[in-house]
Amino acid sequence: MIRFCVLLDNHRQPSLTYDCLVSETKKGKPDGEGLWKLSTALIQRGTLTKGAVLVSGDAWAKVRALFNDKGQLIQSAPPSTPVEVVGWRELPSAGEEIIQVESEKLAHEIMKYRQHLKLQQKQEADAEVIKIKEAEHLKKYKMELEERRKRGRYKLRPVGPKPKEIIDDTNPRLCIIIKGDVNGSVEAILDVLDTYDSAKNSDLQLDLVHYGVGEVIESDLELAEPFGALIYTFNVSMAERVAKIARKKGIRVKEHNVIYRLVDDLKERIKEKLPPKQVEEVLGEANVIQEFLINEGKKKVPVAGCRCVKGVLKKSASYRLIRGEDVLHEVMENE
């Protein structure tokens with residue numbers, strides 16, 4: 001029991017045959033059961049062999065095949081060997097430690113224990129948030145109660161207009177789905193997307209509907225259709241059958257193999273969605289030297305004699321008369 005608990009806490013054991021770290025994860029070529037889930041690891045201690053049962057973070061595997069750095073099938077991997085491991089039920093995260101266990105039963109028990117720890121940590125974090133919310137609610141309730149006591153029998157009514165329950169968002173929205181060949185590529189693209197602040201750029205809302213590793217499949221199209229999402233792929237292909245479905249449903253799929261080109265394409269799509277803005281361009285500036293009157297028929301019209309000090313003054317342009325920070329008069333182009 002002591003040995004089992006120590007293993008659940010991810011401590012190293014002398015009986016473990018090897019020790020290594022995950023450097024990269026991806027989905028490989030399809031086989032009879034679907035896409036292979038691969039992880040690239042560097043062996044640090046011991047020898048990794050085919051058939052071993054592995055645990056890494058929230059994922060576990062029974063090794064079905066091993067490939068070296070040249071893509072050749074091997075039966076075992078000694079220390080200091082980079083190797084691709086096939087047989088993961090779920091993809092582990094890059095940087096996670098891989099350990100070997102005695103059986104699949106023990107691997108399932110470790111997974112359940114780790115999931116229980118994660119759930120417990122989440123419940124503790126939620127409990128802290130609930131306590132803060134309860135304190136805020138209690139403070140607000142005491143203030144309202146004190147106000148009721150001051151008013152006596154009169155009912156406390158909300159101050160100001162009633163807030164709108166449903167807020168209509170009329171701003172344009174761009175929904176996207178990201179699919180990449182490996183976790184590292186997807187994370188790099190997500191880091192770029194994080195630089196777009198929808199709060200500051202209120203003219204357009206950028207929504208990430210879904211992201212993942214592997215080629216575009218029918219479930220991605222089903223997810224993109226209701227949102228009208230644009231699918232971006234990086235270094236992954238799409239089956240002809242899936243491409244036909246995408247064309248039939250009118251779902252756009254943008255394939256790229258260079259990240260900066262993907263980002264440039266996304267910028268162009270954002271520019272297309274942004275509403276046009278009226279921008280003023282200052283053509284020239286002038287100082288009023290003297291004001292005088294001229295006769296235009298039976299009327300006398302005031303005229304400002306000016307000296308151009310910057311740029312050029314055009315007859316067809318619009319003009320604004322400014323004194324300090326006050327706008328005294330404005331003449332538009334068509335007036």
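Helices in these legends are DSSP runs of H or I with at least four residues, and strands are runs of E with at least two, both numbered from the N terminus. The model shown is predicted.

**View 1. The second largest pocket has a volume of about 260 Å³.** Thirteen is the size of its residue list: of the 13 residues lining the second largest pocket, Leu91, Asn183, Tyr211, Gly212 and Val213 are the closest to its centre. Helix H3 and strand E11 (205-213) are the elements that give two or more residues to this lining. Helix H3 gives the most, with 4 residues. By class, the lining of the second largest pocket comprises 6 nonpolar, 3 polar and 4 charged residues.

**View 2. Helices H3 and H6 cross at roughly 35 degrees.** The axes of the two helices come within 11 Å, and the crossing of H3 with H6 is right-handed. On the H3 side the contact is made by Ala188, Ile189, Val192 and Leu193. On the H6 side it is made by Ile259, Leu262, Val263 and Leu266. Sorted by class, the residues of this contact are 8 nonpolar, no polar and no charged.

**View 3. The largest cavity is lined by residues that include Ile189 and Leu262.** The structure holds 1 cavity of 30 Å³ or more, and the largest cavity has a volume of about 30 Å³. The lining of the largest cavity has 6 nonpolar residues, with no polar and no charged ones. Ile189, Val192 and Leu193 of H3 also take part in the contact with H6, as do Leu262, Val263 and Leu266 on the H6 side.

**View 4. Helices H4 and H5 pack with their axes 10 Å apart.** Helix H4 covers residues 218-227 and helix H5 covers residues 240-249, and the angle between them is about 15 degrees. Angles under 35 degrees count as roughly parallel, so H4 is roughly parallel to H5. The crossing of H4 and H5 is right-handed. Helix H4 contributes Glu218, Leu221, Glu222 and Glu225 to the contact, while H5 contributes Arg241, Val242, Ile245, Ala246 and Lys249. These contact residues fall into 4 nonpolar, no polar and 5 charged.

**View 5. The largest pocket has a volume of about 1,500 Å³.** Its lining is made of 35 residues, and those closest to the centre of the pocket are Ser318, Tyr319, Arg320, Leu321 and His329. Four strands each supply at least two residues of the lining: E14 (284-296), E15 (299-311), E16 (319-323) and E17 (326-331). Strand E14 gives the most to the lining of the largest pocket, with 6 residues. The lining residues divide by class into 18 nonpolar, 6 polar and 11 charged.

Methods:
Residues numbered from 1 in each chain as written. Predicted model: local features only at pLDDT ≥ 70, side-chain atom pairs only at ≥ 80, totals over all residues. Heavy atoms only, no water. Axes fitted to C-alpha atoms, helices over the stretch in contact; angles between N-to-C directions. Parallel < 35°, antiparallel > 145°, perpendicular 65-115°, else oblique. Left-handed = near helix turned anticlockwise from the far one by under 90°. Contact = heavy atoms within 4.5 Å. Nonpolar A, V, L, I, M, F, W, Y, C, P; charged D, E, K, R; others polar. 1 Å grid on protein atoms, 1.4 Å probe; cavity = no way out; pocket = protein on both sides within 12 Å on 5 of 7 lines; lining within 4 Å. Points joined across faces, edges and corners; volume = space filled by probe spheres on them.
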